Amino acid sequence: MTEFIEALKMFFKADKYVEMSGIEIVEITDEKAVVAADVHERHFNANGCVQGGMLYTIADFAFAVLSNYLHPNTVTQNGQITYLRPAFTKRLTATAIETQRVGHCTVSEVIVRGEMGETLCVCHFNGFVKDVSKEEFVRKISEKK
């Protein structure tokens, strides 16, 4: 499984927007994916808190990591975010948990928290699973090196 996780991390290195946003993979298990980012001035909106687009991006990336770990190759079909409070924080952490998998559809909940553990937003994502085997996924990533 370690080979697959390394291939998955290599796959996501190609996501330049996530890289530019400073988001990193913290943990990947069968139960959850955790990603995090330090907040910098470039992430602030006009009110001085983290811009909503950054909150959505970190949530979407957590979903992408989990769903592609569980079901390579999955793409987001739909995402919904509920902002609960302004994000005045120095660090963001997003945790994705899959709640359903039916046929080619997967559904996950993602919670984004600030540095003190406060919930900033709750998100729900639906993805389409293309059903690629983990071995085939690793092979395709290895070919791109």
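Q80 has H124 as its bridge partner in strand β6. The structure is a predicted model, in which local features require pLDDT of at least 70, side-chain atom pairs count only at pLDDT 80 or more, and totals for chains, interfaces and linings use all residues. Residues are numbered from 1 along each chain as its sequence is written, and side-chain values use heavy atoms, with hydrogens and water left out.

Strand β3 (residues 74–83) and strand β6 (residues 119–129) run antiparallel and are joined by nine bridges; two strands are taken to pair if DSSP finds at least two bridges between them. Strand β5 (residues 105–113) is likewise antiparallel to β6, with nine bridges between them. One of the residues involved is R113, whose bridge partner in β6 is T119. Five residues separate the strands in the hairpin of β5 and β6, and G117 there takes a positive phi near 90 degrees.

In total, the chain contains four helices and six strands. Their order from the N terminus is α-α-β-β-α-β-β-β-β-α. Both kinds of element are DSSP runs numbered from the N terminus, helices being H or I of at least four residues and strands E of at least two.

Residue A96 belongs to strand β4 (residues 91–102). Because its relative accessibility is 0%, A96 counts as buried (buried, under 20% relative accessible area; exposed, over 50%; partly exposed, in between; 1.4 Å probe, protein chains only). Leaving aside residues up to four places away in sequence, A96 touches E31, K32, A33, A62, F63, L66, E109 and V110, a contact being heavy atoms within 4.5 Å. A96 and M10 are 86 residues apart in sequence, and their C-alpha atoms are 20 Å apart in space.

Of the 145 residues of the chain, 41% are buried. Among contacts between residues at least 6 apart in sequence, 66% join residues at least 24 apart. The radius of gyration is 15 Å, which agrees with the value near 15 Å for a compact globule of 145 residues; the radius is taken over C-alpha atoms, and the globule rule is 2.2 Å times the number of residues to the power 0.38. The C-alpha trace spans about 45 × 35 × 20 Å along its principal axes.

The accessible surface of the chain is about 7900 Å², with 51% belonging to carbon and sulfur atoms (Shrake-Rupley method, 1.4 Å probe; for residues, only the protein chains shown count as cover). The chain carries 16 positive and 19 negative side chains, and the centres of the two sets lie 2 Å apart. Lys and Arg count as positive and Asp and Glu as negative, while His and the chain ends are not counted; the charge is placed at NZ of Lys, CZ of Arg, CG of Asp or CD of Glu.
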